[in-house]
Amino acid sequence: MSQERNTVIWLNSLGIYSDVINKLRSYLGDLSEIHELDNNYLEKLGILSSGALARLSKSDFKSSMDIYFEKLNFLGIDVITIFDKDYPQDLLKIPDSPVVLYRKGNLMPQDHIAMGIVGSRKATNYGKWAAERFAGELTNMGVTIVSGMAAGIDSIAHRTAIENGGRTIGILGNGLDRVYPKSNWGLYRDAVDNGALISEFPPGTQPYNFHFPMRNRIISGLSLGVIVVEAQQRSGSLITAHHALAQGKDVFAIPGNINSIYSQGTNMLIRDGAKPLLDMDDILEEVRELQ
C-alpha cells in the first residue's frame, strides 16, 4: 500500500488530480506500477491528457518523490492520502473523494462536528453581521467552522471562530505555500494555529478559477451542513450549496433584500428548497448531531 500511496502523491504532484486518478484506479486497479507502464499504452486508455502524459514521461518516479517529500518537509506541509488512517473519514463518503490532501495545522476528532459558512467576497454590512453572528454562536457550541479562505464572508467566518476561541478549517483553491488573497496572510497563520488549512493542490499551484468549484465539494464534505450568507445569482457559494445537497447535507440560506444583488443567490436557494436561516433553532431542528 505504501507504494501505491507514493504513486498517487506522485501523480498529484504532476498536476493529475483526483477525478483522473480515480478513473485510472477504476481501470488499472492498483496504481503502484503505473510509472513503469509504456506511454503508448497509457495514451490508448484515453484517460490522461497529452500534457499529463508528457509530464509522466519526463518524471523519474523515485528521484522526483525523494525531492518532493523534502520540499513538503521544508514547507511544513503534511500530505494525506485515502490510504492513510488520518484521512478525514467524512470525505470518503462523498462523490469524487480527493485522493491526496495537503495540510498545515491539525485536524482533531471534534472537527467532525463542523458547519460550512460561505458567501460573497464583497460582503455587505448585513452579510458581515450575519456571518459573525452565526459563526460566533456555532463556535460557542463547540462547532468547527469550515470555509474557503476567500475575502469577504469566508474570512469573516474563519476570523470569528478564531476570536471566539474555536477551531476553523480553511479549504484552499491553490497550493498551501501561496496566500490568496494576499491580505489574508495573518488569517492563514492563525488558522494553522487554531485548526488547519487543507488543499488538494500541490505546492506551487496558482489559484486558477476552475480550482474553486473543485475545492467547494471539500468544504461541504467536511461539514454537517452549509450556511450561505450572501451570494449573487452566479456565485461559487451556490456551487458549494449544490455539492452539499448532492452529499445529502443540509443547506441554510440567509434571507435578504430582493433588491440586493448579494441576496439574489440566497433567496433563490430558499425558493428552491433551502431552509431560511433566521436563528440558531433553524439549524438545531435539522442537524441531528447538534441536538
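Predicted model: local features only at pLDDT ≥ 70, side-chain atom pairs only at ≥ 80, totals over all residues.
Helix axes here are lines fitted to C-alpha atoms over the stretch in contact, and angles run from 0 to 180 degrees between N-to-C directions.

**A helix pair**

Helix 7 (residues 153-163) packs against helix 8 (residues 185-193) at an angle of about 45 degrees, and their axes are 10 Å apart. That angle makes helix 7 oblique to helix 8. Their crossing is left-handed. On the helix 7 side, the contact is formed by Ser155, His158, Arg159 and Ile162, which meet Gly186, Leu187, Asp190 and Ala191 of helix 8. By class, the residues of this contact are three nonpolar, three polar and two charged.

**Two pockets**

The largest pocket has 21 lining residues, and those nearest its centre are Gly119, Arg121, Ser235, Gly236 and Ser237. Helix 9 (211-221) and helix 10 (236-246) each provide at least two residues of that lining. Helix 9 gives the most, with five residues.

Turning to the second largest pocket, its volume is about 280 Å³. It is lined by 15 residues, with Pro88, Gln89, Leu107, Met108 and Asp111 closest to its centre.

Here is how each lining divides by class:

| Pocket | Nonpolar | Polar | Charged |
|---|---|---|---|
| Largest pocket | seven residues | nine residues | five residues |

As for the space inside the largest pocket, its volume is about 390 Å³.

Conventions: Residues numbered from 1 in each chain as written. Heavy atoms only, no water. 1 Å grid on protein atoms, 1.4 Å probe; cavity = no way out; pocket = protein on both sides within 12 Å on 5 of 7 lines; lining within 4 Å. Points joined across faces, edges and corners; volume = space filled by probe spheres on them. Helix = DSSP H or I, 4+ residues; strand = E, 2+ residues; numbered from the N terminus. Nonpolar A, V, L, I, M, F, W, Y, C, P; charged D, E, K, R; others polar. Parallel < 35°, antiparallel > 145°, perpendicular 65-115°, else oblique. Left-handed = near helix turned anticlockwise from the far one by under 90°. Contact = heavy atoms within 4.5 Å.
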